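The following note concerns the charged side-chain pairs of the model shown below. Please read the numbered points with the structure at hand.

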Amino acid sequence: MNKKEWQSQARSLSEFFTIRNIGIPISSLLLVASLMACSKDSDNITAGGTTTGGTSSTATTGSSVAIDSVSTTSTAPEGNTAIAANTDDLLANSTFSSTVTIGFGSTVNISNPLSAKGVTITESNGDVIITATASEVAYELSGTTTNGSVKIYSDKKFKLTLNGVNITNADGPAINIQSGKRAFIILADGTTNTLADGTTYTASGTEDMKGTFFSEGQLIFSGTGNLSVKSNNKHAIASDDYIRVISGNITVTGAVSDGIHTKDAFIADGGTFAITASNDGIQCDEGYIVINAGTFTVNSVDKGISASYDTDTTIDPYITINGGTINVTSSAGEGIESKSVLTINNGVITVNSKDDGINAGTFIYINGGNTYAYSTSNDGIDSNGKITVTGGKTVAVGTTAPEEGFDCDKNTFKVTGGIIVGIAGATSLPTSTVTTQPCVTLGAGTANQLINIQSSDGVEALTFLIPRAYATMLFSSPKLKSTTTYKVFTGGSVSAASTNVNGIYTGGTYTAGTQSTTFTMSSTVMKVGGSVGP
């Protein structure tokens, strides 16, 4: 007996009992009829998936649909779009007319054309101290010392070129800038420069010394050369003002504390970063972080990238990501954390962390980019305040309940564009009064299995490779259409030509597995299955 035949038999039974006024529910009759049916149809069902809310769990196998490559739609961006531009940070806007060279080796060779014009240099056992009152001075360092250092006192801004210099200092920073003025650090093209400090520092009065490469003032990095820094005492690169990287290749091979540590700001307009740190990868402790471009690989024990100040309301520790490729792995802390507002406007962001993948104190805005946030023991994306999504492709993976893929503690969660997939034990539910793009929550999924959502007429809305088992999925996309009925499949397969970004397939063909549920988008925000958290 096929499906149509047993449905027909059920209707006949219903009519029979209705005529005789016997009140047997049609659902019970359908069950009876199904047990009477031949089991041949079920032999073709592909195992996998968990039946969740919605209608029946009838299996449909073998049919294929094209994976829709529609791009995300975006509405007007919200949050912070500033790039922290400052024309004073451009080397082209400054003039340096005199050059002082220092070459390390078996002896230290110093060429100082300004010895009688405001630049005094002393050297003792490889330790070089520069004291300058002159303007427009450029310094160039080269050579190798296994027990030396460079300390600079300057009343004016200056340029410091690292031209193949290797400095190890057993009792302090390798480069120690005791000046609050702007320092332009040039990584000379084609060079490799290495800096290392000692495990203990010899005090110098009340001077602050926070890392292998330390400055009291702004550090502005540019050039195409390489800088490798090892910290054995505290931070690798540190400024009590701000750090801006325009270009260059910076590697922190290890840091006892932070890889890059600043007080007021960290700004990246480019560059390549490979950072390994025992505390934070990049931390701004009393200010903001703006990443406009650059390639980042951060491996940290605590937070990967953090603007962490939260004790003074006059300081706004925000993070804005306007671009770049960012890969963060944190073994104990958050991946990316702002104690204020975190805005993602663009970029490719991948976070794997023990604590929250991405966390903000007051607000998270996602306007664009491709973001993947995976937490092994907490929320994927967590705002202690509100969340707004206007664009981009975002996958947030949390752990089991009560942790969530997207978590905003029952504060406003607005979705007006983009594609979001959140999986975990639970989810915050988008706020229906402000959300304009269809959103749906679904029930459990199995690790390493495909889930596919397609309309009843075979138009694909989502094909996703599940990275870990979950109890709740939150999905929103411009592919979801109001008043449309959708079928959910688990298992199945994708064609060899299929492509995916963070598990979301953007091309190819999906061949259906087991149909687990159906739902109709009868409202903008639908709860079909899963759990809604606090």
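This is a predicted model: local features need pLDDT of at least 70, side-chain atom pairs count only at pLDDT 80 or more; totals for chains, interfaces and linings use all residues.

1. Lysine 210 is buried, because its relative accessible area is 19% and buried means under 20%, exposed over 50% and partly exposed in between, with a 1.4 Å probe and protein chains only.

2. Residues are numbered from 1 along each chain as its sequence is written, and side-chain values use heavy atoms, with hydrogens and water left out.

3. A second pair joins glutamate 334 and lysine 303, whose side chains meet in a salt bridge at 3.9 Å, N to O. Glutamate 334 lies in the loop between β24 (325-330) and β25 (336-338), and lysine 303 in the loop between β21 (288-300) and β22 (305-307), so that the pair links distant parts of the chain, 31 residues apart (strands are DSSP runs of E, at least two residues; helices are runs of H or I, at least four; both are numbered from the N terminus). Glutamate 334 is buried at 11% relative accessible area, and lysine 303 is buried at 17%. Through shared partners, salt bridges join Asp302, Lys303, Glu334, Glu337 and Lys339 into one network.

4. Which residue does lysine 414 meet in a salt bridge? The partner is glutamate 78, at 2.8 Å from N to O. Lysine 414 belongs to strand β35 (residues 413-415), while glutamate 78 is in the loop between β1 (64-66) and β2 (98-104); the pair therefore ties together parts that are 336 residues apart in sequence. Lysine 414 is buried, with a relative accessible area of 19%, whereas glutamate 78 is partly exposed at 25%.

5. As to the whole, a search of the structure finds 12 salt bridges. The protein chain has 2 helices and 47 strands, and 53% of its 534 residues count as buried. Among contacts (heavy atoms within 4.5 Å) between residues at least 6 apart in sequence, 57% join residues at least 24 apart.

Notes
A salt bridge is a side-chain nitrogen of Lys or Arg within 4 Å of a carboxyl oxygen of Asp or Glu.
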